[in-house]
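Subject: The structure for you to look at

Hello,

Here is the structure I promised. Please open it before you read on.

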Amino acid sequence: MKNYLLSMYQPEGPVPGPEVMDGIMAEVDALRRELQAAGSWVFGDGLHDQATATVLRASGDDVLMTDGPFAEGKEHLGGIVILRAADLDEALEWGRRYAVAVTLPVEVRPFATEAGG
Amino acid sequence: MAVLVRLAGDVDLAEEAVQEAFAVAAERWPRDGTPPSPAGWLITTARNTLIDRHRREAARPGRQAEALLLHAPDEPAEEGPVPDDRLRLIFTCCHPALGESARIALTLRLLGGLTTGEIARAFLVSEATVAQRVVRAKAKIRHAGIPYRVPSDADLPGRLSSVLAVVYLIFNEGYLSGSGDPVRDDLCAEAVRLGRLLAELMPDEPEVLGLLALMLLIHSRRAARVTAGGSLVLLADQDRSLWDRDLIAEGQDLVRRCLRRNRPGPYQIQAAVNAVHSDAPTDWRQVVRLYDQHLALAPTPVVALHRAVAVAEVDGPAAALTLLDDLDLDGHHLFHAVRADLLRRLGRDEEAGHAYEAALARTENPAEREVLLRRLAQIAEAGPPTRRCPASGDRPT
């Protein structure tokens, strides 16, 4: 088994209102329960706005602290899911369902170390 | 190779094991004589190398299972790659999570058996570029966990179309090279070989047979398609006695087999069009009907363009030109070339000239450029635009 990171990328600008978000959140919850039932769920959550981010950079003996996200861009990380899957096809199938549910592009990436169990 | 890739679970490991086996063979065969089944000997030796390696690494987590797989007592004697293994490898090499150029390079390298240098020459890129594509693709297969597996029935249609697209891209690169040689027979032959392999492995998939038929029928005209001087000869002007009758018969037979299945798809329809072209004279009404069917399955502007070419033969160039007006294909050289020919046949030489120039600006293929330049010169020779009678018996192109 392998662990995969699903990153959901969100465009700049206001988040849709509750009339849209409520439906999306219900679908995301349903997917989480399904992943849990399949024993594939590791972790997942949405992130606060990118304005809440802080970046730390080591510089000599010092660590510099700056306000804001690491990379400024038209899209930023809106949330992640970490799941366990037998292979990429299985991970992609979950990823496909997240892409439909959240209506955002989803990047699927393997973690470097094999998942235990 | 495919057997070993499955056993090794890793393309690099399998390749290394094969190289080691060849090294051992080079040392032993001259001394002890060539074994009765050289291929089987190599596979067995490479497999033993892999087992040794797995024994050494079995202590590492995650390796035990692979070591067990290699020790499975019921493993049949290895004589050659069993069909299932090659099929798994094809689907892995053509996995849609890999980029198109990586899929092509991997397929040619692992299934076509071309060297990195040969692939580089075929696609006019440096050997280092191909090597890097292959290395990156293999690393992605390993790290991302792209499985060695024939997809489930539910996924098969989508995944199969990726496999067929890779083979057809290889064929087209040979048939209409982006630049350099006008036709690269070696690539066409390689694509046909892959097509035959697929047809052997998946005889129940009509689109697999359709693709093979399509390639065979196009390939059958290769001797007539280019002159000794390297000029392209249009279908209507080709010397039909140069066509390979055996390939045509095989292609037409495959088309008939597809028709009996009654599960039409884009490759089967294009094969059927080419089967019609293989009988003289071409039944253009039949071709239009086939493109109607193709358009229903795949409503794309390129299909509509091909249909318009057939319509010109049935209803005349003016009717076809009207169809072209609706197509958004400005970047496509064929669109301008077809438009130019229709305008020329209608005697609208000045507009035709502009269209030929637009087509020339959009293709690098030397043979195609020559045909377009020839047409352009013909218009110029005709002097100031004179209205020619559309029914003057101009040859269809």
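Below is what I found, starting with the ground rules.

This is a predicted model: local features need pLDDT of at least 70, side-chain atom pairs count only at pLDDT 80 or more, and totals for chains, interfaces and linings use all residues. Residues are numbered from 1 along each chain as its sequence is written, and chains are lettered from A and ligands numbered from 1 in the order in which they are written.

**The core.** The largest nonpolar core has 109 residues. Such a core is a set of buried Ala, Val, Leu, Ile, Met, Phe, Trp, Tyr and Cys residues joined through C-beta atoms within 7 Å. Buried means 20 or more other C-beta atoms within 10 Å of a residue's own, exposed means 12 or fewer, and partly exposed lies in between; C-beta atoms are placed from the backbone. B:Met215 is among the residues with the most contacts inside this core. Helix 11 (residues 206-219) of chain B gives the core its largest share, ten residues. Helices here are DSSP runs (H or I, at least four residues), numbered from the N terminus.

**Helix 13 of chain B.** Which residues of this helix are buried? They are B:Leu247, B:Ile248, B:Gly251, B:Gln252, B:Leu254, B:Val255 and B:Cys258. They sit on the same side of helix 13, because they cover an arc of only 155 degrees around the axis. That arc is taken from the directions from the helix axis to the C-beta atoms. The face turned away carries exposed B:Arg245, B:Asp246, B:Arg256 and B:Arg260. Just after helix 13, B:Asn262 takes a positive phi of about 60 degrees.

Best wishes

Note on methods
Helices (H or I, at least four residues) and strands (E, at least two) are DSSP runs, numbered from the N terminus.
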